[in-house]
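Hi,

Here is the structure I promised to pass on to you.

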Amino acid sequence: MKTNHCFKRTGHFIGNPTLAAMERMERYCAAHPGSPSAGRRPELLYRGQLWVALLGPSVEEGIVGIGQTVEAALRAFDAQYLAGLRPPSDRFRRGLYNSRTDRGLMVRT
């Protein structure tokens with residue numbers, strides 16, 4: 001099976017990930033120059049057969065993308081980063097006490 005810098009053709013890790021992961025991240029960022037990954041350069045970690053792209057002090061407090069490949073983790077990171085920039089939808093902002101009567105709900109004041 002052909003390997004490329006410690007990765008199988010499927011993209012799964014088979015050796016020391018540091019150099020190969022950095023190269024894959026560079027290729028991803030070059031292919032997606034306007035992405036949050038390219039602009040913010042999250043830290044890449046390899047944990048339990050999964051790649052983690054992390055921006056912040058910890059998984060609990062930061063923005064995280066997780067995937068089976070470096071590219072999948074970076075795509076997930078981009079999606080989470082962009083989701084955090086969107087305003088919440090009206091249904092979450094309005095809540096029960098500001099509900100509209102035309103939907104069959106009582107308006108509470």
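A salt bridge here is a side-chain nitrogen of Lys or Arg within 4 Å of a carboxyl oxygen of Asp or Glu. Please keep in mind that this is a predicted model, in which local features need pLDDT of at least 70, side-chain atom pairs count only at pLDDT 80 or more, and totals for chains, interfaces and linings use all residues. Residues are numbered from 1 along each chain as its sequence is written, and side-chain values use heavy atoms, with hydrogens and water left out.

Salt bridges first. The whole structure has 2 of them. In one, the side chains of arginine 24 and glutamate 71 come together at 2.8 Å, N to O. This pair links distant parts of the chain, 47 residues apart: arginine 24 is in helix H1 and glutamate 71 in helix H3 (residues 70–85). (Helices are DSSP runs of H or I with at least four residues, strands are runs of E with at least two, and both are numbered from the N terminus.) Arginine 24 is buried, at 12% relative accessible area, and glutamate 71 is buried too, at 18%; buried means under 20%, exposed over 50%, and partly exposed in between, with a 1.4 Å probe and protein chains only.

The side chains of glutamate 26 and arginine 41 also form a salt bridge, at 2.7 Å, N to O. Glutamate 26 lies in helix H1 and arginine 41 in the loop between helix H2 (36–40) and E1, so the pair ties together parts 15 residues apart in sequence. Glutamate 26 is partly exposed at 44%, and arginine 41 is partly exposed at 39%.

Now the strands. E1 (residues 43–47) and E2 (residues 50–55) run antiparallel and are joined by 5 bridges; two strands count as paired if DSSP finds at least two bridges between them. Glutamate 43 has leucine 54 in E2 as its bridge partner. The hairpin has 2 residues between the strands, and glycine 48 takes a positive phi near 55° there.

Which residues lie nearest the centre of the largest pocket? They are Thr18, Ala21, Met22, Leu44 and Trp51, out of 12 lining residues. (A pocket is an open set of points on a 1 Å grid over the protein atoms alone, where a 1.4 Å probe fits, with protein on both sides within 12 Å along at least five of seven lines; lining residues have an atom within 4 Å of a point.) Helix H1 gives the most to this lining, with 6 residues.

Best wishes
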